[in-house]
Amino acid sequence: MELSNLFIRGFKTDWDKVPEDSFLQSVPAVRSMGEFTFENPVTFFVGENGSGKSTLIEALAVAYGFNAEGGTLNYNFSTYAETHDLASALHLTKGIHRPQAGYFFRAESFFNVATASEKYRVKYGGKRLHTLSHGESFLAFFQEFSNRRGIYIMDEPEAALSPQRQLSLLLIIAEMAKSGSQFVIATHSPILLGLPGADIYSFSNGGVSPVSYEETESYQITKMFFENRERLFTELFEE
């Protein structure tokens, strides 16, 4: 995929538009991102809980035009009031092409997306999402777009999926990226992060920096657990 064809090529943050008393001002990784350029059709954001990766993912989605709780660009519903200070401060640099499709997946509110699909009388894979398990409904929702070149912003999609289903998702993402889709994903999954050729950015108190797959905490902790499980348990439980 030509980088000039990315649907979101980058963004700048106008921090003058973010209130001084906003919690965003105290999140080091987010605060450090005055300007950012996407260089790959698949970009992963990683980091500990509270590092700001999901905050940025949501802001990108809202700034692009997605509903804050998830869904396609056509979904417009709200089950709770929420401010979007960061989204209002983001200035996106978009590509020259318009996407054929796209959606924002947010693990914590996907149930609300499924409920909205009932209101809109939309089925995925010929089925109503609420008749499927959480993981099955997400994959059914996702696979509906697999043949359409688009922009897909995802916040912790592994929360809905077993390891086997995560592998299925990884393969779908790889094929869609080859066909011209763009993905921006916040994740803790060492399976999804293993996608060959993807860019990975780590969020920490030191800011945001590119890392290799092997440098991610998700990989290192999982590797340590599998290779030293008995010793790790001994150290954890000896107290």
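Analyst: Glu 175 and Lys 178 are three residues apart in helix H6, so about one helical turn separates them. Helices (H or I, at least four residues) and strands (E, at least two) are DSSP runs, numbered from the N terminus. This is a predicted model, in which local features need pLDDT of at least 70 and side-chain atom pairs count only at pLDDT 80 or more, while totals for chains, interfaces and linings use all residues. Residues are numbered from 1 along each chain as its sequence is written, and side-chain values use heavy atoms, with hydrogens and water left out.

User: What do Glu 175 and Lys 178 form?

Analyst: Glu 175 and Lys 178 form a salt bridge, with the closest N and O atoms 4.0 Å apart. The term requires a side-chain nitrogen of Lys or Arg within 4 Å of a carboxyl oxygen of Asp or Glu. Glu 175 is partly exposed at 48% relative accessible area, and Lys 178 is exposed at 66%. Here buried means under 20% relative accessible area, exposed over 50%, and partly exposed in between (1.4 Å probe, protein chains only).

User: How many salt bridges are there in the whole structure?

Analyst: The search finds two. Lys 223 and Glu 227 also meet in a salt bridge, at 3.1 Å from N to O. Both residues lie in helix H7, four residues apart, or about one turn of the helix. Lys 223 is partly exposed at 34% relative accessibility, whereas Glu 227 is exposed at 53%.

User: Which helix supplies the largest share of the patch?

Analyst: Helix H8 does, with three residues. Helix H7 (217-227) and helix H8 (229-237) each supply at least two. Leu 236 lies in H8 and is exposed, with a relative accessible area of 53%.

User: And the aromatic rings: how many pairs are counted?

Analyst: The count comes to 13 aromatic pairs. Rings of Phe, Tyr and Trp (its six-membered ring) pair if their centres lie within 6.5 Å; planes under 30 degrees apart count as stacked, over 60 as edge-to-face and the rest as tilted. The rings of Phe 36 and Phe 38 have centres 5.0 Å apart and planes at 75 degrees, so this pair is edge-to-face. Phe 36 is buried at 9% relative accessible area, and Phe 38 is buried at 3%.

User: Which cluster includes Phe 36 and Phe 38?

Analyst: One aromatic cluster is formed by Phe 11, Phe 36, Phe 38, Phe 45, Tyr 201 and Phe 203.

User: Lastly, where is Glu 156 found?

Analyst: Glu 156 is in the loop between strand S7 (150-155) and helix H6 (163-178). Glu 156 has a positive phi of about 55 degrees although it is not a glycine. Its relative accessibility is 22%, so Glu 156 counts as partly exposed.
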